[in-house]
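Please read them with the model open.

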Amino acid sequence: MPEDPNQINIDHVAHLARLELTDAEKNKFAAQLKDMLVYVAKLSEVDVTGVEPTAHAVPLTNVLRPDEARPSIDPALVLKNAPESARGLFIMPKIVE
Amino acid sequence: MNYEAVIGLEVHVQLKTNSKLFCGCATESGAEPNTRVCPICLGYPGVLPVMNAEAVRKTILSGLLIGCTINRYSKWDRKNYFYPDMPKNYQVSQYDLPLCLGGAVQIAGKKLGVTRIHLEEDVAKSFHFATTSGVDFNRAGTPLMEIVSEPDMRSPEDAFAYLTALKEILITGGVSDCDMEKGQLRCDCNVSVRPVGQAQFGEKVEIKNLNSISGVRRALEYEIPRQIAARGRGEKIFQETRRWDDDAGKTLVMRTKEYAHDYRYFPEPDLMPVTVSDAQLAEIRQQLPELPEAKRQRLVSQYGLPEYDAGVLVATAALAQFYERAAAGSPNAKAVANWMMTVAEIHLSPVQPQHLRELVAAIDAGQISGKQGKDVFAVMLATGQSPARIIQEQGLAQVSDPGALEGFCSQAIAGNAKSVAAFKAGNLGALNALVGQVMKLSKGKANPQLVSEMLAKQLRNT
Amino acid sequence: MSLHTQTIIELRDQLRRGAVSAREVTQAVLDRIQAVDDRLKAYLWLNPDDALAQADAIDRGSKDQPLAGIPIAIKDVLNVIGQPCTCGSKILRGHTAVYDATVIRQLRAAGAVLLGRTNMDEFAMGSSTENSSWGVTRNPWDLERIPGGSSGGSAAAVAGHEAIAALGSDTGGSIRQPAALTSCVGLKPTYGLVSRFGLVAFASSLDQVGPFTKTVADAALLLGVIAGHDPLDSTSVPAPVPDYQEKLNAGVRGLRVGLPKEYFIPGMDREVEAAVRAAIGQLTRLGAEVVEISLPHTDYAVAVYYLIATAEASANLARFDGVRYGARVRGADVLETYAKTRGAGFGPEVKRRIILGTYALSAGYHDAYYLRAQKVRTLIRRDFEQAFQKCDVIVAPTTPTPAFKIGERVDDPLQMYLCDIFTISVNLAGNCGLSLPCGFTAQPKLPIGLQLIGPAFAEPTLLRVAQAYEQATPWHTERPAL
């Protein structure tokens with residue numbers, strides 16, 4: 001059975017995006033996204049030979065700042081927003097390689 | 001079957017800038033956790049990056065130092081992956097148009113190729129506890145240069161030499177302090193083996209957790225034979241990541257993800273590309289410092305130093321700089337070098353460069369003898385005083401005044417008839433005894449050279 | 001004298017004369033909010049004491065700043081220090097902003113009273129405000145209908161006189177479309193004119209902050225306050241800001257107005273079409289020359305947008321992982337914590353777009369989707385460049401239909417995306433766009449918007465045409481029955 005080019009491998013993509021989905025969500029999204037891919041497929045009609053992609057909306061270059069140190073933020077402010085913090089660190093479940 | 005190793009190194013260098021790559025937070029290390037952070041380097045909602053001009057300049061400078069081609073148009077890309085040390089879960093880096101391409105590092109006897117240098121932001125630091133990990137974002141956003149080598153290295157010694165040379169170049173350039181213990185220079189290694197004569201590379205293994213340049217050598221000294229032995233047993237080498245355990249002296253497979261990262265690179269919409277003009281490139285070139293090898297050759301040609309001496313003096317940039325300051329304007333640059341060779345790291349002692357020059361001048365002018373010079377030098381090393389001051393305080397100045405010397409000579413001749421007679425009888429060595437007498441009479445201050453000549457003259461005239 | 005129904009300019013005049021105090025103005029608006037917001041649900045957060053304190057501070061001063069004492073509502077997507085910033089999402093529940101967006105600093109310096117935070121589609125993804133985690137905002141003209149999105153709260157607040165003006169953000173039409181559906185003026189500035197620093201990013205190369213106002217003159221004033229180069233935003237353009245009020249009343253005589261033939265499509269609502277055509281007729285009577293133009297790649301705009309915007313968004317929203325801020329759902333390990341936090345914190349539309357965007361960038365698909373979309377985007381930009389050689393301003397409908405009923409399109413995301421068909425190209429090309437009222441449908445009475453599109457940095461021309469039209473028509477004086 002040839003692979004349907006409009007069928008997203010939802011499990012794979014959801015993992016890349018670190019999104020836990022319920023089975024119901026997976027089924028629903030798979031169908032909706034398939035419709036979208038069918039829709040966006042019309043872009044393959046366009047002749048893009050020799051056309052540069054638009055990477056930036058404004059044609060600026062060399063937007064640089066001088067290497068000056070500025071005061072940092074009060075750590076109390078940011079640790080307050082942290083879901084979990086201890087010893088001045090942002091705490092997560094243990095990171096295993 | 002003979003195998004050879006193929007080694008490539010990926011070196012990450014923290015640039016010595018005042019502020020981070022995209023924000024004004026200070027880059028100095030050693031601060032309390034999360035005290036050198038702001039909404040930008042914390043990846044807060046709504047923040048935007050603004051590129052540090054000095055980080056770009058230092059990267060271009062580094063490229064020029066190792067002979068890279070500088071891309072006249074360079075851009076930034078997002079490298080997307082999730083990790084707790086990533087504030088945005090994408091890293092701003094460079095994908096297809098990095099700042100520098102090509103280049104090479106010269107070691108003894110060969111050039112080791114470099115593929116590219118690009119600029120990116122460093123990630124945060126994690127600390128691991130029993131069941132949790134804690135993240136400190138002080139380091140996040142530090143400007144980081146990634147130098148990717150060609151797979152030109154063939155031995156652990158090559159790798160060691162490459163890293164040593166690269167480190168010295170970057171320090172000389174003022175780009176980074178390259179202190180591996182402080183994480184300012186980090187190295188990952190890719191190594192594979194193949195039968196000698198085979199063009200195709202074998203499967204490469206990545207080695208991480210290399211914390212020193214000698215550690216890299218040790219890891220390779222273990223890994224290369226390990227791979228060769230495995231191949232010898234008919235085993236396949238798989239592309240994997242291994243961790244070097246310096247204490248155990250072996251590499252161990254890390255628990256890595258089953259598949260290669262899909263980084264989904266795309267151009268960074270929040271940062272504008274960088275264009276480098278001829279004028280800018282010329283300006284940065286003007287700021288290029290002299291590299292150790294070029295400096296060594298110049299010391300030989302400019303100051304007439306032997307190759308060996310020049311080599312010793314360029315060992316560190318500070319030492320070479322001390323020498324040049326000392327030798328500047330001295331008619332006897334070689335003597336200056338000689339004094340420096342008698343002591344290690346003179347630039348770390350209290351001695352000032354100009355004092356060394358003055359010492360050589362005092363000896364050459366006959367103000368003090370070479371022997372006295374050694375004593376004066378010892379005092380200089382201990383106190384940092386100038387030779388002039390030491391000579392004066394210790395009353396060491398040789399007497400060269402002809403009037404005074406004539407007097408001493410006459411006295412010596414008058415008081416040592418035996419030596420006089422011996423000299424006149426043809427025993428030239430007897431002159432030395434007379435010189436010794438004059439030295440005694442003058443309390444060691446007479447200039448022995450002049451005394452010898454004067455005695456000879458007086459004796460001939462009597 | 002109902003202060004809350006007046007414009008910035010009218011109130012400013014009274015404030016400067018001392019006829020009214022800033023406190024009175026703010027109190028009047030707060031009273032109005034109290035009276036109607038439980039039905040409109042435009043506001044997510046309001047601190048009346050704080051607003052009145054700001055007003056009092058203005059009263060103690062000279063009141064000569066451009067917006068002194070004017071209460072302005074802020075879309076929940078902009079950082080205001082000390083205030084919650086949820087972007088309409090559960091994943092930012094409890095998050096407090098630790099810095100001011102640049103536009104907020106500008107408003108403060110201009111003496112504005114920062115009134116409160118308005119509802120929006122989650123992370124600006126939507127065209128109806130139905131995607132908000134905090135419930136939907138109602139259209140002041142018909143409480144059963146959507147106000148548009150994603151800046152539905154800001155639009156409803158202005159149209160419902162719960163704010164004298166508001167700030168919103170526009171990525172594919174999120175200011176202009178709600179403005180059209182609620183009968184107010186909504187402006188999307190040229191990309192790079194207004195700083196994005198402090199605007200929570202949806203699609204970095206498309207987002208812009210812009211004003212919702214009751215009149216074109218108010219929009220010119222407010223734009224003048226928030227426009228300008230920001231060293232904290234590398235995409236902000238280092239050009240001087242013109243005086244947007246200078247040529248406002250210059251009229252349209254001698255200007256060429258372009259009519260894109262691709263924008264008058266079959267299936268468009270008849271009343272919308274009729275209103276827009278009537279508006280064009282009005283512009284002609286005012287002295288404008290109408291020219292037919294073509295934007296040949298119009299048909300591809302929605303597809304291009306939904307690949308580029310979602311791709312950029314998939315990266316921009318990766319930071320919401322429960323490590324440094326926001327709501328966290330703890331898992332057994334790091335991976336599970338990420339996945340559960342994001343799975344629980346994001347609504348379905350956001351998840352859908354993240355998946356589509358991630359897919360468009362992923363290995364094997366990047367060239368066919370993301371890269372190709374960026375190339376077609378270049379062609380869309382060129383369409384506009386060529387069109388603007390023949391005209392000074394393009395005129396078009398803002399939306400294909402008036403406001404639909406709440407719930408009508410939630411189950412068909414693609415249908416929802418097609419709401420943006422007239423507005424999306426403007427973001428892709430980086431041009432400026434404005435929507436202003438041009439009439440109402442008969443039964444029920446629902447607003448219809450006229451869209452004006454200008455080349456980059458042509459806001460003075462845009463505002464001038466809009467002003468001429470507005471002043472010659474009664475629409476801006478209409479008020480919902482609320």
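This is a predicted model: local features need pLDDT of at least 70, side-chain atom pairs count only at pLDDT 80 or more; totals for chains, interfaces and linings use all residues.

1. S150(C) sits in the loop between β3 (113-118) and α5 (152-159) of chain C.

2. Another cis peptide bond of chain C joins Q443(C) and P444(C), where omega is about -5°. P444(C) belongs to the loop between β10 (432-440) and β11 (447-454) of chain C. Most peptide bonds are trans.

3. In chain B, N34(B) is not a glycine, yet its phi is positive, about 55°. N34(B) is found in the loop between β1 (3-14) and β2 (51-52) of chain B. With a relative accessible area of 0%, N34(B) is buried.

4. N209(B), also not a glycine, has a positive phi of about 70°. This residue is part of strand β14 (residues 205-210) of chain B. N209(B) is partly exposed, at a relative accessible area of 30%.

5. How much area do chain B and chain C bury between them? The figure is about 2700 Å², with 63% of it on carbon and sulfur atoms. Y44(B), P45(B) and L48(B) supply 23% of the area that chain B buries against chain C, more than any other three residues. The contact involves 32 residues from chain B and 38 residues from chain C.

6. One salt bridge is counted between chain B and chain C. Its partners are the side chains of D270(B) and R196(C), at 2.8 Å from N to O. The side of chain B that touches chain C has 22 nonpolar, five polar and five charged residues.

Conventions. Residues are numbered from 1 along each chain as its sequence is written. Chains are lettered from A and ligands numbered from 1 in the order in which they are written. Side-chain values use heavy atoms; hydrogens and water are left out. Contact means heavy atoms within 4.5 Å. Buried area is the accessible area (1.4 Å probe) that two parts lose on being put together, summed over both. A salt bridge is a side-chain nitrogen of Lys or Arg within 4 Å of a carboxyl oxygen of Asp or Glu. Ala, Val, Leu, Ile, Met, Phe, Trp, Tyr, Cys and Pro count as nonpolar, Asp, Glu, Lys and Arg as charged, and the others, Gly among them, as polar. Helices (H or I, at least four residues) and strands (E, at least two) are DSSP runs, numbered from the N terminus. Buried means under 20% relative accessible area, exposed over 50%, partly exposed in between (1.4 Å probe, protein chains only).
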